[in-house]
Amino acid sequence: MRIRTYAALAATVAAAATTALAFPPTAAAATPPSPSTSDFNGDGYADLAVGVPDGAVAGKARAGYVNILWGGRRGVGAHGGIRVTQATAEVPGTPETGDRFGAAVTLEDLNGDGIAELLVGAPGEDITGRGTDAGLVTVVGGAEDGPGPGANVTTGPAASAAYGLSVAAADLTGDGSRDIVVGGKDKVVLRTADGLAATVVTAAMGGRAPVLTTGDFTGDGAADLAVGYWTNDPFTQSHVRIWAWEAVDEALGNVWNTDNAGISALVTGDFDGDGHDDLVLGECREIADENIDDPCGPEEYAKGGGLHIHYGTGSDGSFGFRKQTLNQDTAGVPGVAESGDRFGAALAVADLNGDGRDDLVVGAPGEAIGTRAAAGAATLVFGTKDGLVDASGQGHAVAYNQGTPRVPGAAEAGDAFGAAVATGDYDHDGTRDLAVGSPGENARSGGVWAFPRSGADGSYALTPARLGLPAPTSALAYGGTVSSR
């Protein structure tokens with residue numbers, strides 16, 4: 001039933017170039033979609049999607065692809081994987097120079113059947129009648145024997161709209177099905193599971209991709225949408241805002257704002273274990289109106305990249321009034337805060353130590369290791385009953401880089417280790433594993449480092465050459481975009 005539905009939809013898209021996606025119908029008593037699965041081939045193991053937008057396909061430079069690495073008993077990458085491109089039979093479209101298919105990737109179980117779908121952004125896609133770089137987001141169905149049929153979710157309305165710079169999915173309308181959020185250069189749009197299209201944000205973002213995450217920030221049991229974005233009119237400003245579904249209006253309504261907070265990443269987790277979702281602003285820095293509202297916390301914590309955490313809904317129904325800020329100068333956090341570290345440029349969340357509280361994985365791709373500039377690092381900050389900073393003002397953290405004992409490779413200038421991070425139980429042993437992207441590795445050929453049980457013991461590198469990917473010595477920047485849950 002599921003495969004036939006997707007196949008029929010893919011045929012419709014190819015024939016009519018529709019911009020809406022209708023997911024398979026969900027019965028009233030159906031189980032809600034899993035919040036955690038990234039199992040694309042239905043074997044019970046979490047998989048890892050690596051976007052390679054700079055990869056060549058069929059001789060077309062930067063046409064882009066997604067490399068899905070299978071999880072399995074021996075860990076991610078040890079059981080092979082597949083490449084998904086616009087030349088893949090199940091995927092609509094044709095690879096063309098500059099499409100950048102894979103610029104944004106997300107593995108999500110959209111219809112609750114236990115198998116993840118792959119959402120892929122191609123912001124460089126040219127759309128007939130709309131122009132160059134209008135952009136596109138495609139969904140590819142998961143299947144036990146490889147990719148299932150795919151379909152286009154939405155296309156950019158005009159040239160340079162660059163739809164697909166970012167993408168997210170969650171049940172925002174509360175109907176039990178996952179909705180899709182798409183970010184372009186100057187817009188964020190919503191596609192609900194029943195095909196409703198709505199604009200969330202329209203603003204001159206100066207070419208920057210809006211940053212997306214979802215979580216229940218209002219405490220009503222339904223997912224909300226958090227967006228970080230920049231505006232350039234009449235001058236540079238920055239915003240982090242939350243939208244919640246308003247059933248009466250059948251639209252997302254803006255319910256919470258913090259302005260002048262320039263961020264590179266957003267992520268949701270329950271770091272104090274109180275059952276409420278918290279929001280982390282990564283690499284937070286104040287952009288305008290200095291010292292008026294302190295949108296990123298104390299100014300000294302912005303050095304090198306700060307993490308600013310707004311904690312979840314309290315007994316008074318308020319979100320975000322309890323706040324914490326930390327950086328590499330916080331006691332208990334390894335390293336020293338230095339300009340250009342980019343601490344918080346990439347974020348991921350999971351309960352890594354099994355204590356019932358979420359922990360935070362923090363990428364710092366600009367971190368210098370010794371004299372090697374931008375070699376990069378990844379730091380695990382563990383949640384406590386007080387949050388990511390305990391009652392004494394300390395963090396509890398461990399950091400990894402390519403100079404850490406038992407971590408393979410060597411820290412080299414420009415590796416950008418930590419540019420992307422993800423977690424998943426890839427070997428299904430009940431403990432979360434860690435994946436860290438290093439797109440600058442080997443003259444920007446790139447790589448992904450796997451950390452079983454989120455520790456250095458047994459860690460290993462997955463490079464294009466090791467994985468048998470085409471042109472492993474070219475500047476693929478492999479590991480710049482990763483996704484799993």
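Reply: Happy to. Two strands pair if DSSP finds at least two bridges between them, and strands (E, at least two residues) and helices (H or I, at least four) are DSSP runs, numbered from the N terminus. This is a predicted model, in which local features need pLDDT of at least 70 and side-chain atom pairs count only at pLDDT 80 or more, while totals for chains, interfaces and linings use all residues. Residues are numbered from 1 along each chain as its sequence is written, and side-chain values use heavy atoms, with hydrogens and water left out.

Let's begin with β14, residues 237-246. Strand β13 (residues 224-231) pairs with β14 in the antiparallel sense, over 7 bridges, and glutamine 237 in β14 is the bridge partner of threonine 231. β14 is also joined to β15 (residues 251-259) by 8 bridges, again running antiparallel. There, alanine 251 in β15 stands opposite glutamate 246. The two strands β14 and β15 make a hairpin with 4 residues between them, and glutamate 250 in the turn has a positive phi of about 50°. As for covering, 8 of the 10 residues of β14 are buried; buried means under 20% relative accessible area, exposed over 50%, and partly exposed in between (1.4 Å probe, protein chains only).

Positive phi turns up at other non-glycine residues too. Serine 160 has a value of about 65° and sits in the loop between β7 (150-155) and β8 (166-170); its relative accessibility is 37%, so serine 160 counts as partly exposed. Alanine 477, with a positive phi of about 55°, is in the loop between α3 (464-467) and β29 (481-483). Alanine 477 has a relative accessible area of 12%, so it counts as buried.

Next comes aspartate 278, in strand β18 (residues 278-286). Aspartate 278 is buried yet has no salt bridge, and the nearest side chain of opposite charge, arginine 322, is 6.0 Å away. Here a salt bridge is a side-chain nitrogen of Lys or Arg within 4 Å of a carboxyl oxygen of Asp or Glu; Lys and Arg count as positive and Asp and Glu as negative, with His and the chain ends not counted. A polar atom of the aspartate 278 side chain does lie 2.9 Å from the backbone nitrogen of phenylalanine 271. Leaving out residues up to four places away in sequence, aspartate 278 touches a set of residues including Phe217, Val267, Ile309 and Tyr311, where contact means heavy atoms within 4.5 Å.

Threonine 106, in strand β4 (residues 104-108), is buried because its relative accessible area is 10%. The side chain of threonine 106 reaches the backbone oxygen of valine 167 at 3.4 Å. Beyond four places in sequence, threonine 106 touches Glu117, Leu118, Leu119, Val167 and Ser483.

Finally, the largest nonpolar core has 21 residues, and those with the most contacts inside it are Leu48, Val50, Val76 and Tyr478. Such a core is a set of buried Ala, Val, Leu, Ile, Met, Phe, Trp, Tyr and Cys residues joined through side-chain atoms within 4.5 Å. At least two residues of this core come from each of β1 (48-52), β2 (65-69), β25 (420-424), β27 (448-451) and β28 (460-462), and β1 gives the most, with 3 residues.

Notes
Polar contact = N/O pair within 3.5 Å; in protein donor to acceptor, adjacent residues only side chain to side chain.
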